[in-house]
Amino acid sequence: MPLPDAVAAVAREYADGTRTPVEPRQAATVILLGEPSQPTEGGGRPEVYYLRRQVSMDFAAGMAVFPGGGVDKRDFDSQVAWAGPTPAEWASRLGCDEHLARALVCAAVRETFEESGVLLAGPAADADTTVVADTTGDDWEADRVALESRELSLTDFLNRRGLELRSDLLGVWDAWLTPIFEPKRYETWFFVAKLPAGQRTRDVSSESSSVTWLPAGTAAAQAESGELAMMPPTYLTSLEIAGFETRDDVLAAAADRTAVMFTPTVEPLGEGFTLSLPDRLRPVLAERRR
């Protein structure tokens with residue numbers, strides 16, 4: 001998509017040092033995958049959970065996004081109950097140090113629960129085989145609200161319930177850094193996870209005005225038509241996910257991925273300008289435009 005001339009002009013001022021970019025904050029987001037749907041005209045399966053952010057938000061207002069948010073200082077707690085690949089293993093796949101890798105995985109699990117009611121955790125005594133089956137009770141909702149308000153930490157929440165974070169339920173997908181000319185910037189690592197058996201999403205996040213399950217291809221088509229507003233990483237990720245038949249295919253692809261942080265830059269487009277995209281996504285977009 002072409003960039004407005006005014007945006008391109010501001011971007012050049014950051015590029016030449018006239019303006020100084022703001023420091024980015026670390027964040028995690030989770031592409032939550034539902035049961036496969038039937039193919040549709042706009043693109044079929046698998047289905048993905050999207051939240052439409054409140055128009056009052058100061059970042060991505062009104063946009064359709066995946067569950068996620070900024071890393072909280074308590075996400076770095078080394079005492080969090082943990083099962084699955086270790087923070088050291090995650091560090092090698094996320095392209096960061098072990099300290100940050102732990103926090104990113106914790107943020108991914110915490111934010112998914114806060115924004116969808118889905119908890120990627122299981123009983124500590126049997127964490128390798130069991131996932132929490134139902135999180136819809138009033139007691140779970142009270143804990144979710146306490147997490148969202150930061151009255152409760154993830155570590156205390158899991159310990160009190162005898163649960164362990166299940167890092168094996170997450171897969172690596174991508175990493176994006178907000179362009180230098182944006183007033184708020186995030187280094188965001190993208191994870192994938194499938195909806196655990198027995199759990200269901202709920203419209204609970206205070207930061208969203210509505211939520212929906214959509215086949216990834218349908219969501220991308222709605223973004224193209226203007227029915228659904230999306231930031232470029234969300235749109236491109238939806239396009240990429242739409243190329244898989246099932247959610248298990250997505251997770252199998254994620255098992256071999258490592259994250260390389262990509263920062264969109266301004267590049268020529270005809271007589272104007274556009275934002276760059278990773279080389280691996282250029283064929284995906286080209287195929288869509290045929």
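Biologist: Is alanine 91 buried or exposed?

Modeller: This is a predicted model, in which local features need pLDDT of at least 70 and side-chain atom pairs count only at pLDDT 80 or more, while totals for chains, interfaces and linings use all residues. Residues are numbered from 1 along each chain as its sequence is written, and side-chain values use heavy atoms, with hydrogens and water left out. Buried means under 20% relative accessible area, exposed over 50%, and partly exposed in between, with a 1.4 Å probe and protein chains only. Alanine 91 has a relative accessible area of 10%, so alanine 91 is buried.

Biologist: Where is alanine 91 found, and which residues does alanine 91 touch?

Modeller: Helices (H or I, at least four residues) and strands (E, at least two) are DSSP runs, numbered from the N terminus. Alanine 91 is found in helix 2. Contact means heavy atoms within 4.5 Å. Not counting residues up to four places away in sequence, alanine 91 touches Cys96, Asp97, Glu98 and Ala101. Alanine 259 is 168 residues from alanine 91 in sequence, yet the C-alpha atoms of the two are 9.8 Å apart in space.

Biologist: At what angle do helix 2 and helix 3 pack?

Modeller: Two packed helices are described by the angle between their axes and the distance between the axes. Axes are lines fitted to C-alpha atoms, for helices over the stretch in contact, and angles run from 0 to 180 degrees between N-to-C directions. Helix 2 (residues 87-94) and helix 3 (residues 98-116) have axes 8 Å apart, at an angle of about 95°. Helix 2 is therefore roughly perpendicular to helix 3; angles under 35 degrees count as roughly parallel, over 145 as roughly antiparallel, 65 to 115 as roughly perpendicular and the rest as oblique. On the helix 2 side, Pro87, Ala88, Trp90, Ala91 and Leu94 take part, and they meet Glu98, Ala101, Arg102, Leu104 and Val105 of helix 3.

Biologist: With which residues is leucine 104 in contact?

Modeller: Leucine 104 is found in helix 3 and counts as buried, at 0% relative accessibility. Leaving aside neighbours within four places in sequence, its contacts are Ala27, Ala28, Val71, Leu94, Cys96, Trp189 and Phe191. A separation of 9.5 Å lies between the C-alpha atoms of leucine 104 and proline 87, which are 17 residues apart along the chain.

Biologist: How many disulfides does a search of the whole structure find?

Modeller: A disulfide is a pair of cysteine sulfur atoms within 2.5 Å. The search of the whole structure finds zero disulfides. For cysteine 96, the nearest cysteine sulfur is that of cysteine 106, 12 Å away. Cysteine 96 counts as buried at 17% relative accessibility, and cysteine 106 counts as buried at 1%.

Biologist: How many aromatic pairs does the structure hold?

Modeller: A pair of aromatic rings is described by the distance of the centres and the angle of the planes. Rings of Phe, Tyr and Trp (its six-membered ring) pair if their centres lie within 6.5 Å; planes under 30 degrees apart count as stacked, over 60 as edge-to-face and the rest as tilted. The structure holds nine aromatic pairs. Tryptophan 140 and phenylalanine 157 have ring centres 6.2 Å apart and planes at 80°, so this pair is edge-to-face. The pair links distant parts of the chain, with tryptophan 140 in helix 4 (residues 138-148) and phenylalanine 157 in helix 5 (residues 154-161). Both tryptophan 140 and phenylalanine 157 are buried. Elsewhere, Tyr50, Phe66 and Phe190 form one aromatic cluster.

Biologist: Which residue lies over the face of tryptophan 173?

Modeller: A charge sits over a ring if NZ of Lys or CZ of Arg is within 6 Å of the ring centre and within 35 degrees of the ring normal. Arginine 257 lies over the face of tryptophan 173, at 3.6 Å from the ring centre. The charged end of arginine 93 sits over the ring of tryptophan 90, 5.8 Å from its centre.

Biologist: What phi does arginine 150 have?

Modeller: Most residues other than glycine have a negative phi, and most peptide bonds are trans. Arginine 150, although not a glycine, has a positive phi of about 70°. Its place is in the loop between helix 4 and helix 5, and arginine 150 counts as partly exposed at 27% relative accessibility.
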